[in-house]
Structure formats: structure tokens, C-alpha cells
Amino acid sequence: MIILKSFYRKKNVRIYLTVITLIFTAIISLFIARNYNVEQANKNFSKSYLMFDANKEEIELLEEMKELSNITYGIKSTAYLTRKEWNTYKEPRDLILIASQKVATNHAIANYEASFFFYMYSSEFYLGTRKLEFTIDKFLEQKKEEDYNYLYINSSDFNNLSKEVNEYTYIINLNKWLNRKNVIQELKEKIPSLKNFEEHEYNIKILDYSQMNILIFTVLLIVLSIIYIIVLVINIKNILIDESKNTRLYQCLGFTNTTIKKYHILEIASLLILSLIISAMLVTLILLIF
């Protein structure tokens with residue numbers, strides 16, 4: 001304890017402590033700011049989704065993946081559209097059938113995009129070569145993030161139709177959209193039957209500065225970390241030079257070189273720990289104020 005008191009009485013040591021503390025405080029603050037912007041970006045992109053076709057059995061694997069926040073699956077059918085003024089040309093469009101217990105048997109609820117089929121075209125729906133007959137009860141309001149057309153159908157009707165297909169179309173949302181590259185890689189590795197993969201990015205904020213902030217904070221963190229390491233090495237070197245006089249004194253008092261090294265390690269370690277504690281207190285105070 002006496003050794004540490006003597007160590008911290010030195011003006012140079014207090015300067016080293018101040019410099020290290022300030023840099024470390026800046027690093028912690030930038031780290032917190034970067035994490036905040038990562039959370040904001042993931043929140044802003046929470047309605048983005050991945051869409052792909054895969055075997056029906058893959059639903060079990062997807063449900064085990066913790067990175068997924070929501071899984072919707074349906075049967076891909078085809079809507080053949082004929083303009084009322086063109087009786088000869090039929091345009092095929094994908095239409096996903098999704099199960100719902102809120103819909104009566106042989107009835108359906110269409111989303112806003114699908115409703116376009118009914119108002120502008122004469123429409124026929126097929127699953128393979130089988131013509132589907134559904135009474136459309138109502139149309140849902142348009143959701144800007146949805147880039148696909150779908151019908152909600154009765155669960156019993158869905159189960160019957162699912163027996164005629166081997167694949168589902170999966171629409172999945174992620175807990176953290178910025179981690180999508182890792183999730184996509186995992187999906188492609190674990191699901192050999194995956195195909196027709198699409199990535200739909202939807203940002204709920206028109207002006208989203210979070211991603212730019214993440215880049216800026218990341219660069220600053222790298223720069224400050226390099227500076228911190230350089231300053232730390234220089235300070236430790238200077239401390240060892242400053243303590244060389246004490247080293248000779250300890251040797252004269254009969255301390256072994258191993259014991260003396262332990263004292264120096266203790267001094268440097270205490271400097272780092274103290275700077276960490278002070279930095280944490282400063283950051284906490286800043287967070288409480290703002």
C-alpha cells in the first residue's frame with residue numbers, strides 16, 4: 001500500500017492517469033454511441049424481410065433459429081390476369097396462400113396489392129393445373145413494406161392444398177437486420193433446398209442517419225484504440241524508466257528482482273484499473289445528465 005501511495009504522489013503518474021482515463025472514456029462513449037445506433041438501425045429496418053422457397057420440412061429448422069423474429073410461410077400459387085379489354089393475353093403473377101383461422105372455408109381475404117387483380121383484370125387462380133375457387137370477403141389496407149401478393153385462406157383449405165406441394169414460400173423477419181449476412185449464410189448452409197432467394201429491405205424512417213453514424217463511430221473507435229495502445233506503451237515505458245531509481249533502492253534493501261518486477265506490475269495494473277473505474281464513472285455521469 002505504501003508503494004502505491006508513493007507511486008501516485010508523482011506528478012508524472014497523475015498525468016499518465018489523466019491521459020489514459022480521458023482516452024479510455026472517449027472509447028467507452030463511442031462504443032456506447034455505436035451500439036445505440038446499431039439498435040436504432042435494426043429497429044428502423046425491423047419490417048425488412050427475406051423471402052425464399054424451400055421444402056416444407058424446413059419450417060422446423062427455421063423455428064430453431066434464434067436470429068429470426070417472425071416466420072410466415074405459404075403456398076405459392078399463380079394468378080392469371082386478363083385485361084378486360086384484352087381477351088387473348090393472360091399475364092401470370094405469383095400469389096401466396098397463407099393459412100388463417102379467421103377466414104371461413106372456401107373464402108379468402110386479399111391484401112391491397114392482390115386487390116388490384118380484381119379491379120383491373122379478369123382473374124383466375126391456379127395451383128399447378130388445379131383451378132382454385134375462393135370467395136373474396138374483403139381487402140386489407142396496403143402495407144408499404146409488403147412487396148408480394150397474398151390471400152389469407154382457411155387453415156383447413158391450406159392443409160388440403162399443402163398436400164399437393166412439396167415446398168413453401170417462406171417470409172422471415174430478423175431480430176437484427178444488420179446481421180442479415182450471417183443469417184443468409186447460415187440459411188444457405190443449412191437449407192440445401194433453398195431457392196428463389198430475395199432480400200427486401202424496408203426502412204420505416206425516410207431519413208436514417210444511424211448507418212452512417214455506425215461507420216463514423218467504428219472508424220473513430222479504431223483510430224482511438226490505436227492511439228490508446230500507443231499512449232499506453234509510451235506511458236508504461238516512461239513509468240519503468242521513472243521507477244528505475246526505486247529499483248536500485250529496492251535492490252539495496254534486499255528485494256529480489258522477481259519481487260521488484262511484481263511491484264512494477266502492480267503499479268501499472270493499478271493505473272489501468274483506476275483509469276477504467278474513473279472512466280466508467282464519468283460515462284455513467286454523462287449518461288445520467290443526457
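Helices (H or I, at least four residues) and strands (E, at least two) are DSSP runs, numbered from the N terminus. The model is predicted, so local features need pLDDT of at least 70 and side-chain atom pairs count only at pLDDT 80 or more, while totals for chains, interfaces and linings use all residues. Residues are numbered from 1 along each chain as its sequence is written, and side-chain values use heavy atoms, with hydrogens and water left out.

**View A. The largest pocket, with a volume of about 240 Å³.** A pocket is an open set of points, on a 1 Å grid over the protein atoms alone, where a 1.4 Å probe fits, with protein on both sides within 12 Å along at least five of seven lines; lining residues have an atom within 4 Å of a point. Grid points are joined across faces, edges and corners, and the volume is the space filled by probe spheres set on them. Lining the largest pocket are 13 residues, with Asn 70, Glu 145, Glu 146, Tyr 148 and Asn 173 nearest its centre. Two or more lining residues come from each of β2 (68–83), β8 (150–154) and β9 (167–174). By class, this lining has 6 nonpolar, 3 polar and 4 charged residues (nonpolar: Ala, Val, Leu, Ile, Met, Phe, Trp, Tyr, Cys and Pro; charged: Asp, Glu, Lys and Arg; polar: the others, Gly among them).

**View B. The second largest pocket, holding about 200 Å³ of space.** Met 51, Lys 76, Asp 94, Tyr 148 and Glu 198 are the closest to its centre among the 13 residues of the lining. Strands β1 (49–55), β3 (91–100) and β10 (195–200) each give at least two residues to this lining, which divides into 4 nonpolar, 3 polar and 6 charged.

**View C. Thr 169 in strand β9.** Thr 169 counts as buried (under 20% relative accessible area; exposed is over 50%, partly exposed in between; 1.4 Å probe, protein chains only) because its relative accessibility is 1%. Its side chain makes a polar contact with that of Asp 53 at 2.7 Å (a pair of N or O atoms within 3.5 Å, one able to donate a hydrogen and the other to accept it; residues adjacent in sequence count only if both atoms are side-chain atoms). Leaving out residues up to four places away in sequence, Thr 169 touches (heavy atoms within 4.5 Å) Met 51, Phe 52, Asp 53, Thr 72, Tyr 73, Gly 74, Lys 76 and Ile 96.

**View D. Asn 196 in strand β10.** Asn 196 is not a glycine, yet has a positive phi of about 55°. Its relative accessible area is 47%, so Asn 196 is partly exposed.
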